[in-house]
Amino acid sequence: MHDRNASLGHDLLAWLDEAAHHSLPGPGVTRLFCSMEHRAVLELIAGWMREAGLEPHLDASGNLVGSCPRAAAGERTLILGSHQDTVVEGGKYDGMLGVALPLMALKTLREQGVELPYGIQVVAFGDEEGTRFQSTLIGSRALAGTFQAESLDATDADGMTLGEALRDFGGDPEAIPALARDPERVLGFCEVHIEQGPVLEQRDHAVGVVTALTGIERHRVTLTGKAGHAGTTPMPGRRDALVGAAEMVAAVDRVLNATDNLVGVVGKLDVRPNAVNVIPAETTFTLELRSPSVEVRRAGRVRLLDAFAEIAETRGLSLDIEQTYSAEAVDCADWMIEALEAASEECGQPAERLFSGAGHDGLAMHDLTDIGMLFVRCHDGLSHHPDEAITAADADAATRVLMAFLRGLAERD
């Protein structure tokens, strides 16, 4: 079953190299939702969709959706895909692999004369990372019927709202609710994605089958103290908001290292007035917690917020904590896990199970239908970085596993 030349893998990497050109200048790939780069890459993806026998169209939420004739006729449909957007200075493969790979698989099946007896749609979701508007999962929530209209009021760094950007891009904010799919007409949602972690590399496996997507919560923590002259204010009794925040960041690191199945980060910190000779009056930082177990995540949050309150009281600081995002962990469907395992075995690929520590469009699509996910090994487990890399051999293996999965689903269906 192995192609030693990895021809599909080489072709797939060539597609992804071409897509990476549609980026803002600078290291890696920076492609934001409803940007010129987004528009340009959709023209490229639309061409891939046509090669795969799909008809592309831009939907009201900024997704590019490629549909086969059976899907367009309303038959039960398997949805494949991932996101086109990136973080700032990200890599070529996060998201885009899950757009290009299923199209390569479908193109190859078409060339082999294989006709699947169910509908297929491949979706290039517009906004999963939330880099421009801090508005993750816009496109997948639209399909799942859980889109929240207040998201349209989110603004980018230039003050443009998401709704305005979407209209300029050719979307239709008012029509987004009508995008919600009928669950009875959806077979499931399957996403291929780089692992973004080291497990597959440690196992020396090209692919892995995902069992669950992690739960995520984010908080904005604001500490308020009192500014003063850094040279004339005595050290005892200072109400230094940055010193208090530093103690809290250290507490986060301590608790996370002491708790199994819980990870997190303080990724952003702002200081006011941010002057070289002024005691910081206000410090704001973000706290993100992730765990596949809601109980573990909630217990970790309680420990941390209790520690924050104690630090603030000791230092004479006022404390405000606002939860800005929450998504519960979701399980992949047993039948999808087993079908991906069977396809991997057919292709001679070991595919042990693992859970995803990252959030994906499946978090939203789970509200609509059963989900499944295939991970692909990436070098050093690195992602959200210009050096993100996969091999042609692994790309080839994953493409062939997805082809076997699609053929197997035809027999099951």
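1. A cavity here is a set of points, on a 1 Å grid over the protein atoms alone, where a 1.4 Å probe fits but cannot get out. Grid points are joined across faces, edges and corners, and a volume is the space filled by probe spheres set on the points. By this rule there is one cavity of 30 Å³ or more.

2. A word on the source: this is a predicted model, in which local features need pLDDT of at least 70, side-chain atom pairs count only at pLDDT 80 or more, and totals for chains, interfaces and linings use all residues. Residues are numbered from 1 along each chain as its sequence is written, and side-chain values use heavy atoms, with hydrogens and water left out.

3. The largest cavity has a volume of about 40 Å³. Among its lining residues (those with an atom within 4 Å of a point) you will find Phe189, Glu191, Cys332 and His360. Strands S5 (186-194) and S14 (371-376) each supply at least two lining residues, and S14 gives the largest share, three residues. Strands (E, at least two residues) and helices (H or I, at least four) are DSSP runs, numbered from the N terminus.

4. Now for helix H10, residues 334-346: its 13 residues reach 18 Å from first C-alpha to last, close to the 18 Å expected at 1.5 Å a residue. The expected span is 1.5 Å times one less than the number of residues. After H10 comes Gly348, with a positive phi near 75°.

5. Buried residues (under 20% relative accessible area, 1.4 Å probe, protein chains only) of H10 include Trp335, Ile337 and Leu340.

Conventions: On a 1 Å grid over the protein atoms alone, a cavity is a set of points where a 1.4 Å probe fits but cannot get out, and a pocket is an open set with protein on both sides within 12 Å along at least five of seven lines; lining residues have an atom within 4 Å of a point. Buried means under 20% relative accessible area, exposed over 50%, partly exposed in between (1.4 Å probe, protein chains only).
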